[in-house]
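Welcome! Take a moment with the sequence and the 3D view, and then let us walk through the place where two parts of a chain meet.

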Amino acid sequence: MPLLLGCIADDFTGATDLANTLVKGGMSAVQVIGVPDGPLPEADAVIIALKIRTSPVADAVGQSLAACDALTKAGAKQLFWKYCSTFDSTDEGNIGPVGDALLKRLGAGFAIACPAFPTNGRTIYLGHLFVGGALLSESGMENHPLTPMTDPNLVRVLSRQTEGGVGLVGFNAVDQGAVAIRREMTKLMDRGTRWAIVDAVTDAHLMAIGEAVERQALVTGGSGVAMGLPENFRRAGLLPDRSDADALPPMQGAAAVVAGSCSRATLGQIGLAREHVPVLELDALATPDAAAMAAQALSWVDGKLEAGRPVVIAASATPDKVAALQAKLGRDAAGALVEDAVATIAAGLVDRGVGRLVVAGGETSGAVVTRLGVTSLRIGPEIDPGVPWTYANPTGLHLALKSGNFGARDFFLKAFDHG
Ligand SMILES: Nc1ncnc2c1ncn2[C@@H]1O[C@H](COP(=O)(O)OP(=O)(O)OP(=O)(O)O)[C@@H](O)[C@H]1O
Ligand SMILES: O=C(O)[C@@H](O)C(=O)CO
């Protein structure tokens, strides 16, 4: 099976989100964890999941280029650089520097940047990113523990991360469809502008953008803009019909949720779960010791694990508590401490018979999946937009990696109604 789309994702939940979109579009997709030493798996799309959203720039660029080389060597016809639908980054990067490095490696001079995901409330109008009804900078993302987003104007945000020049393909062109979008892209390319933020408010816009970028070596954005890509391959006669792309083995074992995401959505999901299932909320500020937090959680869980209903263990905290822990330990050390604790807890849960595990948070998922020794994920049915069940290799575990802000309030309950 020839590799059609080669993808590089800056975190593990984002990779799953993208793979889910491609599977829904009729492509077979496998998510691999890190750049594999050996050959890539056979699939229409391979998504290399990295954990580089908040890494030092040189490290993020190095890993992305290694992933790019593996994908191009395997024959990928187009590359996709997947980052967060809320454009999570800092003025140092990593969206711009990685994108610039990929363009250079591919010998290309231009790419779009479109994080829109209307189904999950992320829309872009005149370069401004909205989350639901609020500007990005008033959506809760301004309080993110690692990448606080305080500027909603993506042209400005990306300009601070690249020297390549950032333009806009605005709503009027996007609303007219692929031909008009391509015309605007050509104008920017002719002027030597390296990047274009592209407005998108509806799925129809995303489909049109997908068509417009058919011949671009690199496409960048959230999972939304990947919606239009399978159709390009189908039109070119490269993508056969795949009716069972999301079939997974039956689910087995006890059910659990671990959360390290502090997003509004995750905090709401923990709140609802508290009314229905056993929930343990860890206090990293009171016990800033990963081993002690894990020991507390694993002793609490004793006798509570069942197949039918989950236990929920959360290290998540409100912005004031996150700020207090960061003031005490520093931002990165605070994040690393909680990630270490949650990863140890997840490994302990699997040892105790958990066979279906939901992990909330991208960085947190990275830590958990790495600790569990997972090397690749097959993508299964979608629970809520952007979050499918997956089947982990080689552990044989069912995993759902939930992006912090994704999922309905009852996500931690409804996930286990599947399968
Ligand atoms: N109580 C806390 N104090 C400080 N940091 C915390 C606390 N709880 C969690 N964290 C850290 O906050 C970060 C949350 O990031 P994570 O990516 O897991 O969630 P998210 O950003 O909501 O999800 P996504 O990236 O999928 O949108 C992690 O590094 C986690 O360790
Ligand atoms: O695009 C998104 O919002 C998610 O896939 C993600 O990357 C969160 O970490």
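A polar contact here is a pair of N or O atoms within 3.5 Å; within protein, one of the two must be able to donate a hydrogen and the other to accept it, and residues adjacent in sequence count only if both atoms are side-chain atoms. With that in hand, eleven residue pairs are in polar contact across the interface of domain 1 and domain 2, both residues of each pair being at pLDDT 80 or more. Please keep in mind that this is a predicted model.

**The two domains**

The protein chain is split into domain 1, covering 5–235, and domain 2, covering 254–417. Each of them brings 32 residues to the contact. Their centres, taken over C-alpha atoms, lie 26 Å apart.

How much area is buried between domain 1 and domain 2? The figure is about 2,400 Å², and carbon and sulfur atoms give 58% of that. On the side of domain 1, Thr13, Lys51 and Leu146 lose the most area to domain 2, together 23% of what that side buries.

Charged groups take part as well: three salt bridges are found across the interface of domain 1 and domain 2. Lysine 51 also has a salt bridge to look at, as its side chain meets that of glutamate 339, with 3.0 Å from N to O.

Which elements give two or more residues to the side of domain 1 that touches domain 2? They are helix H1 (12–24) and strand S2 (29–33). H1 gives the most, with nine residues. By type, the residues of this side of domain 1 are eleven nonpolar, 13 polar and eight charged.

| Residue | Loop between | Relative accessible area |
|---|---|---|
| Asparagine 120 | strand S5 (111–114) and strand S6 (122–125) | 18% |
| Threonine 395 | strand S17 (387–393) and strand S18 (398–402) | 40% |

Is asparagine 120 buried or exposed? Asparagine 120 counts as buried because its relative accessible area of 18% is under the 20% cut-off. Leaving out residues up to four places away in sequence, asparagine 120 touches Pro385 and Phe406.

Threonine 395 is partly exposed, because its 40% falls between the limits of 20% and 50%. Threonine 395 and valine 350 are 45 residues apart in sequence, and their C-alpha atoms are 9.6 Å apart in space.

Key
Residues numbered from 1 in each chain as written. Chains lettered and ligands numbered in written order. Predicted model: local features only at pLDDT ≥ 70, side-chain atom pairs only at ≥ 80, totals over all residues. Heavy atoms only, no water. Domains from an automatic or database assignment. Contact = heavy atoms within 4.5 Å. Buried area = accessible area lost by both parts, 1.4 Å probe. Salt bridge = Lys/Arg side-chain N within 4 Å of Asp/Glu carboxyl O. Helix = DSSP H or I, 4+ residues; strand = E, 2+ residues; numbered from the N terminus. Nonpolar A, V, L, I, M, F, W, Y, C, P; charged D, E, K, R; others polar. Buried < 20%, exposed > 50% of the residue type's maximum accessible area, 1.4 Å probe, protein only.
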